[in-house]
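Colleague: I'm new to this one. Can you show it to me and take a few questions?

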Amino acid sequence: MEKDSISYTELDFELIKIEVSEMKKLIIRLKENFVGSTEIVDQLEEEIRNMSLLVEDLETLDKNNVLAIRREIAALKNKLKECETSKEENYPVILPPAPGSCSHGGVMNISKPSVVQLNWRGFSFLYGAWGRDYSPQNPKTGQYWVAPLETNGRTLQYYRLHDTLDDLLLYSNARSSQIGYGQGSGTAVYNNNMYVNWYNTGNIAKINLTTNRVAVTRALPNAAYNNRFSYANVAWQDIDFAVDEHGLWVIYATEASTGNIVISKLNDTTLEVLNTWFTKQYKPSVSNAFMVCGVLYATRTLNTRTEEIFYYYDTNTGKEGHLSITMNKVKERVQSINYHPFDQKLYVYNDGYLLNYNLIFLQQPQETARH
């Protein structure tokens, strides 16, 4: 993070407390599983305990001390990582595929969440979405967007754009815009356009982010809406947009599909449906979903701190099946998941907090299946 010249001097202490808490949990797991002398682990445990006390002291001081404490946390994390590595010396090094590439065997695992920040509107705005714009022509330069819903958990009225992650972290150089017709947390951004479910209808809309004007609206054929088949724990998300290496998708359900997930590939210019796949997975039993390389991955809630990526449907082959990939979270409900093909990250809106995760792919090049 320091290598990217990101400043943390204005970040909330709440984020630091979460990091220290995660280290406490990790050291407990290490103590349980460590073979041999635990002297190093005991020393680390003491350092983490002191760090926790230091955070409490620093919270009463000037917030410019945040950067110093971040450096100490980074050093402790490196020590913890070395301890874990010493347990698994023969574990193979897994290199990620090239950014934007599908030369892998699909999602194999996921990192721990990185807490970026609380959304810019505050604690009361539990519902929403966030992510990074993906343009195949300029994959490295996508702007970051944050779109909290109103406190009713339904209406999308305001969103913000930031050119860099540094700006997002510091709540600076934001471009705020207002719309009055978005519904639900199924928002996605692709090629400088935001895609939303039009309020109180089964229509979908494309908004030009430069002008904040509606470029296209179109009915999504037979799509159920207004909570008919939303995700579990999240209302008003009957229609969920997704972006991956192949372009723009929409995830929804119909009466004809009896509530099972339907996946449609969209023309991102006209919003015309190019192709459609019908799954056997009931949408209201799924907590959220995302697309990677033409494969839909669905999650379900295991408990208040854990989700599971449990189901996939591969549009490349028509195959579907089950997985078991544990996905930790910091709050109880996941409102949205957006994937960025170049970053190979998931951008997750978790009860108002903005999280991201690194995806880990199976290193088994395949021409078709990605699961």
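Colleague: Are Cys-102 and Cys-293 buried or exposed?

Modeller: Both Cys-102 and Cys-293 are buried, where buried means under 20% relative accessible area, exposed over 50% and partly exposed in between, with a 1.4 Å probe and protein chains only. Before we go on: this is a predicted model, in which local features need pLDDT of at least 70, side-chain atom pairs count only at pLDDT 80 or more, and totals for chains, interfaces and linings use all residues. Residues are numbered from 1 along each chain as its sequence is written, and side-chain values use heavy atoms, with hydrogens and water left out.

Colleague: What do Cys-102 and Cys-293 form?

Modeller: A disulfide, with their sulfur atoms 2.1 Å apart; the term stands for a pair of cysteine sulfur atoms within 2.5 Å. The structure holds one disulfide. The link is left-handed, with -100 degrees about the S-S bond.

Colleague: Which parts does the pair tie together?

Modeller: Cys-102 lies in the loop between helix 3 (66–87) and strand 1 (107–110), and Cys-293 in the loop between strand 14 (288–292) and strand 15 (295–303), so the pair ties together parts that are 191 residues apart in sequence. Helices (H or I, at least four residues) and strands (E, at least two) are DSSP runs, numbered from the N terminus.

Colleague: New topic. How many residues has the largest nonpolar core?

Modeller: The largest nonpolar core has 28 residues, and Phe-290, Tyr-297 and Leu-359 are among those with the most contacts inside it. Such a core is a set of buried Ala, Val, Leu, Ile, Met, Phe, Trp, Tyr and Cys residues joined through side-chain atoms within 4.5 Å. Strand 20 supplies the largest share of this core, five residues.

Colleague: And where is Phe-361?

Modeller: Phe-361 is in strand 20 (residues 353–361). Phe-361 counts as buried, at 2% relative accessibility. His-104 is 257 residues from Phe-361 in sequence, yet the two are 6.3 Å apart in space, C-alpha to C-alpha.

Colleague: How many cavities of 30 Å³ or more are there?

Modeller: Two. On a 1 Å grid over the protein atoms alone, a cavity is a set of points where a 1.4 Å probe fits but cannot get out, a pocket is an open set with protein on both sides within 12 Å along at least five of seven lines, and lining residues have an atom within 4 Å of a point. The largest cavity has a volume of about 60 Å³, and its lining includes Arg-132, Trp-145 and Tyr-347. Strand 18 gives the most to that lining, with three residues.

Colleague: What about the second largest cavity, what is its volume?

Modeller: About 30 Å³. Among the residues that line the second largest cavity are Ser-287, Glu-307 and Lys-329.

Colleague: Last one. Which residue does the side chain of Ser-135 join in a polar contact?

Modeller: The side chain of Asn-191, at 2.9 Å. Ser-135 lies in the loop between strand 3 (128–132) and strand 4 (144–148). Its relative accessible area is 11%, so Ser-135 is buried. A polar contact is a pair of N or O atoms within 3.5 Å; within protein, one must be able to donate a hydrogen and the other to accept it, and residues adjacent in sequence count only if both atoms are side-chain atoms.

Note on methods: Points joined across faces, edges and corners; volume = space filled by probe spheres on them.
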